Amino acid sequence: MSELVPGGNVPLPDGPVSVRVPGGFDVTALITDDGGKVAGDGDFVFYNQPEAPGARLRGDTLTVDPARLRPGATRVTVAVSPSDPGTTLSALPSPTLRVTDARGHALTRFTPSRPRQETVLLLAEFYRRGEAWKLRALGQGYADGLAGLARDFGVDVDDDAPSPAPATPSPGAATPAASPADSSSPADPDGFLALVNSARTAAGSRPVSTDPRLVSAARAHAAAMAAAGTLSVETRDGVSVHQRVALAGYAYLTVGEHLVSGPRTPTEFVAYCLRTERTRRTLHEAAFTHAGWASVTGGPSDDTYWTVVWAVPLTPDGLARTTAEVVDLTNRERAGAGLPALAVDARLTRAAQAHSADMVARDFYSHTDPDGGKPWDRAAAAGATRRTVGENIACGQRSPADVVEGWMNSPGHRANILKADFTHIGIGLACGGRSGTYWTQVFGG
């Protein structure tokens, strides 16, 4: 049986899979589409509404049968909260998620770090990748209870409706949320989304929609910055905003962020972003499709700290297009120097992708991995038989154009791109690490 770490995933077998969280916890499930939104109150599964198509809650065990989920469902997010409303998560042992197949065979287990002030913990999510299903470990906390969790997933919760426990909405109080672009929508109570989409439309960019996972990541980061009284990509707890996005369960292809202090309202925030070219460029970036935002006032200076996260979800097609664009831009540079184009090699691609993923998973940035492996070792392990091997790495760039430009502005990386002896190339990229996106080029000749 494997042990998952936050952001880690495991493929699931066909048929029902059960997750059990023993101890003093209530288990909740939210059934959503790729946009992270429920279709209605029937997608909110908890102890007062224990069944939905493809999902059944019995005590501390949730059983999910992906084949029987409602049409359009691609994710099931599993959350836990204290079963005793008067108890905080920090007063309980860290919850342990145990995953078993239909025969009761253990598949994996996940124990996150003990929560602090959070009242709800996003523990894991089932998600569809192509025709297969996987389970990803999350470990992301919420500080405002099940009602706040439900709202972020698109459920309109009537706080005045009677419920068995103070933080738990009754099923009759949940209805689908209005369009997030509507400033009166519960998904956009302060009109933030309407304001940014108006600015994007004026710049010729398509509107973005809210993703609850990005909202969760933004809230956690804004709170951490406010507590420290400083703006920072990585806060005192050692977690970067990019890692928070991954921990919230959003696998991204492209990510951007605004970390701002001072503005007190959404109107002031948008006005601030429109003042300078750098902040305006992120607000207007045409590629972004989703956003999450939060502002927290407090800390030593009682200032208001904003985190806004913009992203494009990771898909197989998107990954293929991005790596192909890196190859194309690299070959344009070679053509400009009178050199032949590099051909894509599947084995070099495997080596490049594995190294990018390893840098994210083990939190390092180097040509030498923590086990001492070098580029040629990784190429050989992937089955490549090239006589000469070279490698370029980069992190933090948002696009193929940015990363290739950066490599060409660095003498050592430029030399690899323009080396006449190289004939083949492989590209890899992985997201969610401390510095965002990690890129790898592996060359062979």
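Visitor: How much space lies in the second largest pocket?
Guide: This is a predicted model, and in it the second largest pocket holds about 530 Å³ of space.

Visitor: Which residues lie nearest the centre of that pocket?
Guide: They are Thr254, Thr282, Glu285, Arg398 and Asp402, out of 22 residues that line the second largest pocket.

Visitor: And which element gives the most to the lining?
Guide: Strand β17 does, with 6 residues. The elements that contribute two or more residues are β17, α6, α7 (316-336) and α10 (400-408).

Visitor: How many of the lining residues are nonpolar, polar and charged?
Guide: The lining of the second largest pocket has 9 nonpolar, 6 polar and 7 charged residues.

Visitor: Let us turn to the helices. Which residues of α5 are buried?
Guide: In helix α5, which spans residues 266-273, the buried residues are Pro266, Phe269, Val270 and Cys273. Viewed along the axis of α5, they fall within an arc of 95°, so they line one face of the helix.

Visitor: Why do residues three or four places apart point the same way?
Guide: An α-helix has 3.6 residues a turn, so residues with that spacing point the same way.

Visitor: What do the buried residues of α5 pack against?
Guide: They pack against α2 (192-202), β17 (252-261), α6 (277-284) and β19 (303-313).

Visitor: Which residues are buried in α2, then?
Guide: Phe192, Leu193, Val196, Asn197, Ala199 and Arg200 are buried there. These residues cover an arc of only 155° around the axis, which puts them on the same side of α2. Their cover includes β16 (209-210), α5, α6, β18 (290-298) and β19.

Visitor: Finally, where is confidence lowest and where is it highest?
Guide: The mean pLDDT of the chain is 86, and 88% of its residues reach 70 or more. Confidence is lowest in strand β15 (residues 175-176), at a mean of 30, and highest in strand β20 (residues 343-344), at 96. Over residues 158-186 the pLDDT is below 50. Where pLDDT is low, the predicted coordinates should not be read in detail.

Key. Residues numbered from 1 in each chain as written. Predicted model: local features only at pLDDT ≥ 70, side-chain atom pairs only at ≥ 80, totals over all residues. Heavy atoms only, no water. Buried < 20%, exposed > 50% of the residue type's maximum accessible area, 1.4 Å probe, protein only. Helix = DSSP H or I, 4+ residues; strand = E, 2+ residues; numbered from the N terminus. Arc of directions from axis to C-beta. Contact = heavy atoms within 4.5 Å. 1 Å grid on protein atoms, 1.4 Å probe; cavity = no way out; pocket = protein on both sides within 12 Å on 5 of 7 lines; lining within 4 Å. Points joined across faces, edges and corners; volume = space filled by probe spheres on them. Nonpolar A, V, L, I, M, F, W, Y, C, P; charged D, E, K, R; others polar. pLDDT = per-residue confidence, 0-100.
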